[in-house]
Amino acid sequence: MTGVVNLLDFDLDGMAAFCEGLGEKRFRATQLFRWIHQRGAQDFAAMSDLAKSLREKLAGKAEIRPLPVVTEQISTDGTVKWLFDVGAGNAVETVFIPEDDRGTLCVSSQAGCAVGCRFCSTGHQGFSRNLTTGEILAQLWMAEHKLRERLGLKPGERAITNVVMMGMGEPLQNYNALVPALRVMLDDHAYGLSRRRVTVSTSGVVPMMDRLREDCPVALAVSLHAPIDALRDDLVPLNRKYPIAELMQACLRYLEAAPRDFITFEYCMLDGVNDTEDHARALLALVNGRGPNRVPCKLNLIPFNPFPASGLLRSPREQVMRFAKILQDGGLVTTVRKTRGDDIDAACGQLAGEVQDRTRASERMKRLPVPIVPLGSPLR
Ligand code: SF4
């Protein structure tokens, strides 16, 4: 462990406290924030409006610590996937998805995941550790500034307009690191993203949904995947602790403070498991009925990306469309997620495909023909 502080670990209040500890005024924190997050600076010597004495103090005590890039892959559809080394043989993935009107970054919050959803390759690899705030933000920091440079954007133009915490890990099981990272994403002195464009995706950690509503309400996506407890207990084991009725009540409470007036429910379509017409009708009755669990929502149907250990298959397209039609006819806004980055295994649920087994990942990282590329080196 280095004794040098990683400035990516701080939200603005944290940075201000750090500056005060150095005998500096609070506005220095704002200056540092702008240099680091808006301009992508890593070298204190380049921060020309900071007093020379402060730059010298910082040089010995602090750094902006990127995550080493193990691999970068670019899909034919423009999707970019990075594999970052987080030490001890662990790696996490980050995916950039460009669209006509937005650029979305899918960010990881943990190395592995303890929830163990049956259809998720990250869940099958087990839990290794929580990422720090600095490691969560390093994914955004590197991607934003690397993409700006690559796309030739002008000062003030952004490559990343939306962040979804949908990479590896259950973000609400890493709450203390997540919330400062979200605050930096929203901060006008940093990335300045609107709350509607930052989405936390959860498998349903009910007490933490309540805390997020109080501490930092952003858009919320809930991995639902089943309309009844017996099936959800099997697909999303966390359901045994927080069953569907409790989850729906938590969604309703969240909406009281949410920046959007709906919850997005994610539903991974698994052949013969959760994709029948009866399941569609049960789902409709759950979220769109007249009962106390009715939740204003949108449904996002996700084509499953099979991997051998799951023993599950992707629902045929016709079945997905039949399922979607039942929901749409019942008045539910329903979309079917386009798969992106298939050629680089960047589609939803494929994250961690490369690092399913931590031992193998560690060996592969040693074997890689390209050295780990530090930030600032050309990745192309
Ligand atoms: S779907 Fe999300 S919560 Fe479930 S195992 Fe995968 S990463 Fe964890």
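Trainee: Where is C117 found?

Mentor: In this predicted model, C117 is found in the loop between strand 7 and helix 4.

Trainee: Why is C117 called buried?

Mentor: The term requires 20 or more other C-beta atoms within 10 Å. C117 has 23 of them within 10 Å, and therefore C117 is buried.

Trainee: Why does C113 count as buried?

Mentor: The cut-off is again 20 or more. C113 counts as buried because 25 C-beta neighbours lie inside 10 Å. The place of C113 is also in the loop between strand 7 (110-112) and helix 4 (121-125).

Trainee: What does the UniProt record place at these residues?

Mentor: An unreviewed UniProt entry places the feature "binding site" at C113, C117 and C120.

Trainee: Which residues is C117 in contact with, leaving aside its neighbours within four places in sequence?

Mentor: Contact requires C-beta atoms within 7 Å. With those neighbours left aside, C117 is in contact with G123, S203, L235 and V236.

Trainee: What makes strand 9 and strand 10 a pair?

Mentor: At least two bridges are needed for strands to pair. Three bridges join strand 9 (residues 162-165) to strand 10, so the two strands pair, and they run parallel. One of the bridge partners is V200 in strand 10, which partners M165.

Technical notes: Residues numbered from 1 in each chain as written. Predicted model: local features only at pLDDT ≥ 70, side-chain atom pairs only at ≥ 80, totals over all residues. Helix = DSSP H or I, 4+ residues; strand = E, 2+ residues; numbered from the N terminus. UniProt positions renumbered as here; feature names shortened; annotations may be inferred. Buried ≥ 20, exposed ≤ 12 C-beta atoms within 10 Å, placed from the backbone. Contact = placed C-beta atoms within 7 Å.
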